[in-house]
Number of protein chains: 4
Amino acid sequence: MTYQEIMEEARKNVGPYCKACLVCDGRACRNQMPGPGAKGLGEGAIKNYNSWQKITLNMDTITENKPVSTQTEVFGETFEFPIFAAPIGAMKLHYGDKYSDMEYNDILIPACKNAGIAAFTGDGMAPEVMVAATEAIRRNEGFGIPTVKPWDKDTILSKLEQIKESKALAVAMDIDSAGLPFLKNQTPPAGCKSEMELAEIIQSIDKPFIVKGIMTVKGAAKARRAGAKAIVVSNHGGRVLDGCPGTAEVLPEIRAAVGEKVEIFVDGGIRSGGDIFKALALGADAVLIGRPFVTALYGGGSEGVKVLVDKLGEELRDTMMMCGAYSLDEISGDMIRRK
Amino acid sequence: MTYQEIMEEARKNVGPYCKACLVCDGRACRNQMPGPGAKGLGEGAIKNYNSWQKITLNMDTITENKPVSTQTEVFGETFEFPIFAAPIGAMKLHYGDKYSDMEYNDILIPACKNAGIAAFTGDGMAPEVMVAATEAIRRNEGFGIPTVKPWDKDTILSKLEQIKESKALAVAMDIDSAGLPFLKNQTPPAGCKSEMELAEIIQSIDKPFIVKGIMTVKGAAKARRAGAKAIVVSNHGGRVLDGCPGTAEVLPEIRAAVGEKVEIFVDGGIRSGGDIFKALALGADAVLIGRPFVTALYGGGSEGVKVLVDKLGEELRDTMMMCGAYSLDEISGDMIRRK
Amino acid sequence: MTYQEIMEEARKNVGPYCKACLVCDGRACRNQMPGPGAKGLGEGAIKNYNSWQKITLNMDTITENKPVSTQTEVFGETFEFPIFAAPIGAMKLHYGDKYSDMEYNDILIPACKNAGIAAFTGDGMAPEVMVAATEAIRRNEGFGIPTVKPWDKDTILSKLEQIKESKALAVAMDIDSAGLPFLKNQTPPAGCKSEMELAEIIQSIDKPFIVKGIMTVKGAAKARRAGAKAIVVSNHGGRVLDGCPGTAEVLPEIRAAVGEKVEIFVDGGIRSGGDIFKALALGADAVLIGRPFVTALYGGGSEGVKVLVDKLGEELRDTMMMCGAYSLDEISGDMIRRK
Amino acid sequence: MTYQEIMEEARKNVGPYCKACLVCDGRACRNQMPGPGAKGLGEGAIKNYNSWQKITLNMDTITENKPVSTQTEVFGETFEFPIFAAPIGAMKLHYGDKYSDMEYNDILIPACKNAGIAAFTGDGMAPEVMVAATEAIRRNEGFGIPTVKPWDKDTILSKLEQIKESKALAVAMDIDSAGLPFLKNQTPPAGCKSEMELAEIIQSIDKPFIVKGIMTVKGAAKARRAGAKAIVVSNHGGRVLDGCPGTAEVLPEIRAAVGEKVEIFVDGGIRSGGDIFKALALGADAVLIGRPFVTALYGGGSEGVKVLVDKLGEELRDTMMMCGAYSLDEISGDMIRRK
């Protein structure tokens with residue numbers, strides 16, 4: 001299957017909200033929630049997408065014609081590409097009846113592993129979601145990163161217990177979920193976590209801890225002090241607060257402030273290998289990509305995921321070759337141009 | 001009723017000019033006057049709206065999960081939200097036959113009080129408008145702010161007499177009304193007021209005096225020297241002069257110049273709790289919102305006003321939580337991002 | 001007749017190219033030449049128009065309520081408004097069959113005089129155009145400014161002879177006409193004039209000499225040294241060179257460079273009293289307005305011209321009042337806001 | 001034939017992808033490859049086009065009315081205009097069945113010579129393309145510049161042998177071709193060249209060597225050190241890497257860095273004599289123009305090429321006259337305005 005065929009197929013399967021656009025730029029779904037849209041006016045996802053488009057690439061091909069490696073090592077594990085599938089949950093609510101969260105994860109995790117990358121899994125109010133996700137990760141030799149929502153302390157600790165047994169290579173918390181309309185006034189309750197509460201949570205589990213949903217230098221510093229091994233510069237695709245800047249806008253200042261002490265991932269509107277290259281040139285170690293994994297999987301199942309990852313990886317390799325970077329470490333700030 | 005239902009109902013009631021848009025951004029009505037449009041090319045209201053959209057929010061949820069208060073105290077009175085309904089008049093001329101100015105105020109004032117805020121009332125050429133407005137305010141324990149147009153001195157002093165007896169918590173003058181096409185060459189005559197004339201008017205009444213229609217540092221300084229307790233940074237929604245900057249553009253420099261000596265309110269294109277948050281981060285103490293109160297009231301009466309205020313308040317609370325501000329005082333300039 | 005009625009009538013009369021748009025912004029006619037369009041891609045007129053829209057007004061109505069005067073004195077003559085009708089020629093070619101250049105001038109000159117302003121008249125290859133224009137100006141007590149194209153020296157000197165006898169209050173040359181497609185390889189030949197040639201021409205006539213078509217500091221200095229009493233910052237409405245900046249962009253630096261030694265007029269996309277105010281705030285002494293006079297005259301004859309001038313004048317007066325300027329001299333740079 | 005007629009005719013001949021737009025701005029073909037579109041999102045060609053439009057011209061016609069020369073000398077040869085036809089290949093793949101690469105070159109080379117300029121010829125996987133191109137160049141007294149793709153060394157050296165015998169006035173290599181989708185994994189293989197490999201290639205032929213596809217100061221320095229006599233600032237019309245800046249953006253800094261030591265040509269979205277003027281004002285010695293030569297030739301054959309070159313040349317001459325430059329050397333940076 002070609003990527004175009006996968007998207008065509010996806011359009012039959014993703015329910016009424018997502019349009020499975022060939023390039024997912026946040027426009028067609030805009031402010032539809034439920035559905036993949038963004039909060040309020042719905043410009044959050046569009047701003048993310050646009051923030052990458054404003055950056056251009058410094059092509060230079062007077063370089064050695066030698067192989068380009070897109071491999072990276074994260075938390076001691078080697079991946080083919082600096083790409084993770086982002087955590088997505090409540091599949092039936094947002095993407096129609098085809099897959100439950102459990103079914104989605106059961107396809108996604110091995111498909112990503114097969115493609116040389118790992119998937120973050122989402123969390124849900126129903127306890128079964130995390131149970132099934134961690135079991136799927138265990139079945140795939142720990143090749144997945146469960147994401148816990150910022151529930152009350154007891155719920156978190158009980159979920160972390162399940163995660164400990166999953167051999168998951170790391171664990172994440174999307175700290176910005178407090179703003180999700182769907183979690184409002186639900187059980188268990190979710191909300192902000194202070195630096196001290198976060199530190200306590202991080203200390204309770206002996207795995208690399210990733211704090212997702214950082215948009216400021218101040219937030220990054222708090223996550224670092226609380227013991228996070230990595231942060232994800234993210235505004236949750238515009239779904240938790242209307243009016244955030246695009247992630248590409250804030251990434252460089254966050255990297256400059258935290259130095260090399262934490263790994264920095266980034267998500268939000270990253271749709272091509274060129275965008276991944278820009279993210280790394282701005283200081284990220286890897287990227288998370290969300291909605292395109294949904295449509296690839298709904299359109300082509302496991303094969304769809306492989307085709308998407310190969311496409312992104314090939315574009316990244318191509319961009320690296322055209323800009324003179326042979327390994328991810330060689331991607332540098334002077335290879336891009338910011339207005 | 002949901003806000004969407006209220007707007008749908010409003011569309012049946014607001015007459016031919018206003019389209020009761022779900023998000024009132026000045027586009028559909030543009031340069032229609034009579035009607036809610038702006039003067040000249042009609043871009044005044046659009047510029048106001050856009051000036052808030054250009055500002056983004058610095059989300060940070062590594063914070064304590066504790067209650068957020070949106071309460072504020074203005075002129076010794078406590079309000080649930082830093083929101084006032086803006087003064088609007090000549091209802092039949094601009095919004096169709098459904099309500100006279102008197103009928104509108106009679107619904108608006110108690111509805112606002114019930115929602116935890118206060119309404120400014122408009123002024124009209126017919127003396128009955130102010131008579132009825134001040135009576136309605138008196139019936140609602142002074143929970144309203146009558147607005148006097150910059151008429152000739154005798155007219156103003158006579159209206160201030162009525163206001164004194166209304167227990168209104170403050171009194172306002174929309175000093176920029178001289179530019180209203182509908183007041184041109186009418187009786188009583190309206191026009192600019194010098195700093196000295198303004199001082200004389202302010203001294204004639206023993207209530208906090210609010211000068212509305214300030215767009216420059218110079219104008220703010222004159223209002224302050226004349227004895228104003230508060231100013232409203234406003235260009236009258238673009239209705240008095242074509243080509244003004246958006247109010248969000250000029251607000252920060254006015255706050256910087258006048259310091260904390262006067263209360264600063266702001267209006268023009270503020271349409272969400274996020275916009276209110278931005279206004280406070282730029283230095284405002286509270287905001288005025290105009291047209292959305294008209295459509296909410298025309299679509300849902302007293303309940304419509306409550307739904308609107310609750311919606312705005314909830315959005316504000318949500319934004320405060322997502323940016324780490326627990327009270328209005330904690331909203332600071334570093335919580336927003338200006339290009 | 002209202003201005004709207006005049007424009008509706010104009011649409012029946014101005015031939016196939018001009019659309020008599022209510023606000024003439026260069027879009028509908030764009031790159032149609034013959035016709036009022038601009039050269040090349042046709043963005044010249046649009047850029048002019050936009051350059052005024054980018055400037056905003058600093059409203060301040062805490063001012064004395066006293067009369068505003070829009071009167072100005074130019075070359076010893078008093079005008080009601082700082083507005084001139086710009087020179088336009090080849091009427092049949094560009095605006096259809098209704099009026100010849102002679103017929104147009106015969107209506108325009110007295111209509112402008114009646115409205116309190118003066119008209120520049122255009123020049124043509126046919127000698128009769130200048131003969132008739134100067135005669136019309138003489139019949140109207142010199143209330144007009146004939147414009148000579150930069151022909152060869154003999155042609156110019158012969159036309160200046162006619163002008164001397166017309167009592168015209170001044171004489172102009174549109175020095176940028178060399179770029180007009182319609183003058184290319186025609187008889188008499190037109191082209192650039194060196195500073196020295198220009199000085200010689202200026203010295204040959206004892207009237208204030210206006211050099212029209214200045215877009216640079218360098219050009220303004222040359223005109224001044226050659227003896228020009230005034231310059232017109234103009235790019236001929238985009239008709240002589242594709243890709244010029246808007247006139248509002250270059251006006252302030254030209255004023256800064258030449259100081260008060262020459263009068264500066266400006267044209268290009270000025271369509272409202274607010275635009276005129278901005279021009280004066282940027283350093284102009286008066287403005288020229290072109291196409292709107294054509295449509296006003298084609299739609300309403302002499303009355304159309306009066307309605308247009310009154311409309312522009314009223315808008316200017318209104319803007320002055322709202323920004324605190326009582327006379328043209330009081331319009332200052334701090335009354336506008338440039339990004 | 002007029003240029004408009006030629007384009008109308010071209011629309012019947014250029015196959016399904018190219019639309020033969022009157023002004024080729026990269027929009028109608030966008031991301032169609034095969035076809036003239038750009039890679040990825042297809043914005044590369046659009047960005048190039050827009051980068052010239054952002055620059056404006058400083059008109060000044062108070063200048064001597066003397067002849068303007070557009071002649072230039074490149075590599076010892078005199079040309080009527082600083083324009084080259086850019087290398088284009090795989091005609092049938094991108095522009096439909098009408099012409100093979102050989103047939104295209106056989107018309108283009110003499111047509112350009114006849115119009116006073118020279119053509120670059122493209123290269124192809126089939127050896128016959130270069131054989132035929134060099135023969136055509138020989139038949140036209142060396143008035144052409146063959147372009148070799150960055151193949152493996154043996155292929156390059158064998159092609160350079162053919163070129164030596166062609167009397168071609170120079171030879172070029174489009175070093176950025178490694179990114180062309182059509183060359184991926186083909187025989188012979190093409191790819192990046194290190195500075196040292198490039199130096200070796202350049203030394204192997206005793207003709208001026210032009211390195212095409214430079215977008216950075218660093219790349220320009222490498223080309224210079226490797227012995228290039230000229231570089232072409234180019235991103236291959238957006239066809240080799242998605243997300244490059246427009247060429248007008250990077251040209252001035254490249255000129256500033258390399259000084260006068262190498263000739264600098266530029267291509268990408270240059271569509272008028274005004275654009276050529278801007279390129280020279282930004283530091284280029286000449287420009288390459290691609291797609292408009294294709295459509296001119298498909299629509300009007302040899303005559304079409306002549307009409308296109310005359311049109312561009314006339315626009316250039318016109319712009320020079322209007323800005324006060326009598327020869328190409330007099331075109332200077334202060335004749336344009338960059339935001």
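Reply: Happy to; here is a short chat about what is shown above.

Reply: One note before we start: this is a predicted model, where local features need pLDDT of at least 70, side-chain atom pairs count only at pLDDT 80 or more, and totals for chains, interfaces and linings use all residues. Residues are numbered from 1 along each chain as its sequence is written, chains are lettered from A and ligands numbered from 1 in the order in which they are written, and side-chain values use heavy atoms, with hydrogens and water left out.

Me: Is A:Lys339 buried or exposed?

Reply: A:Lys339 is exposed, with a relative accessible area of 85%. Here buried means under 20% relative accessible area, exposed over 50%, and partly exposed in between (1.4 Å probe, protein chains only). A:Lys339 sits in the segment after β12 (336–337) of chain A. Helices (H or I, at least four residues) and strands (E, at least two) are DSSP runs, numbered from the N terminus.

Me: Which residues gather in a patch of positive charge on the surface?

Reply: The patch is made up of A:Lys54, A:Lys339, B:Lys54, B:Lys339, C:Lys54, C:Lys339, D:Lys54 and D:Lys339. Patch residues have over 30% relative accessible area and no salt bridge, and like charges are joined within 9 Å.

Me: Speaking of salt bridges, how many are there over all chains?

Reply: The count comes to 84 salt bridges over all chains. The rule is a side-chain nitrogen of Lys or Arg within 4 Å of a carboxyl oxygen of Asp or Glu.

Me: Which residue of chain D does A:Arg337 form a salt bridge with?

Reply: The partner is D:Glu253, and the closest N and O atoms are 2.7 Å apart. This pair crosses between chains, from A:Arg337 in strand β12 of chain A to D:Glu253 in helix α9 (residues 247–258) of chain D. D:Glu253 is partly exposed, with a relative accessible area of 35%. There is also a network of salt bridges that links A:Glu249, A:Glu253 and B:Arg337.

Me: What about A:Lys311 and A:Glu315, where do they lie?

Reply: Both lie in helix α11 (residues 291–323) of chain A, four residues apart, about one turn of the helix. A:Lys311 is partly exposed at 27% relative accessible area, and A:Glu315 counts as partly exposed at 24%.

Me: And C:Asp25, buried or exposed?

Reply: C:Asp25 is buried, with a relative accessible area of 19%. C:Asp25 meets C:Arg27 in a salt bridge (3.5 Å, N to O), while C:Arg27 is partly exposed at 40%.

Me: New topic: how many residues of helix α10 of chain A are buried?

Reply: Nine of the nine residues (273–281) are buried, so α10 is largely enclosed by the rest of the structure. Among them are A:Asp275, A:Phe277 and A:Lys278. Just after α10(A), A:Gly283 takes a positive phi of about 115°.

Me: What is phi for C:His236?

Reply: C:His236 has a positive phi of about 60° although it is not a glycine. C:His236 is in the loop between β9 (230–233) and α9 (247–258) of chain C, and is buried at 14% relative accessible area.

Me: Last one: which residues does a cis peptide bond join in chain C?

Reply: C:Thr187 and C:Pro188, with omega of about -10°. C:Pro188 lies in the loop between β7 (171–174) and α7 (195–203) of chain C. In chain D, a cis peptide bond joins D:Met33 and D:Pro34, with omega of about 5°.

Conventions. Patch = residues over 30% accessible without salt bridge, like charges linked within 9 Å, V, L, I, M, F, W, Y side chains within 5 Å. Areas by Shrake-Rupley, 256 points an atom, 1.4 Å probe, with all protein chains shown as cover. Lys, Arg positive; Asp, Glu negative; His and termini not counted. Charge placed at Lys NZ, Arg CZ, Asp CG, Glu CD.
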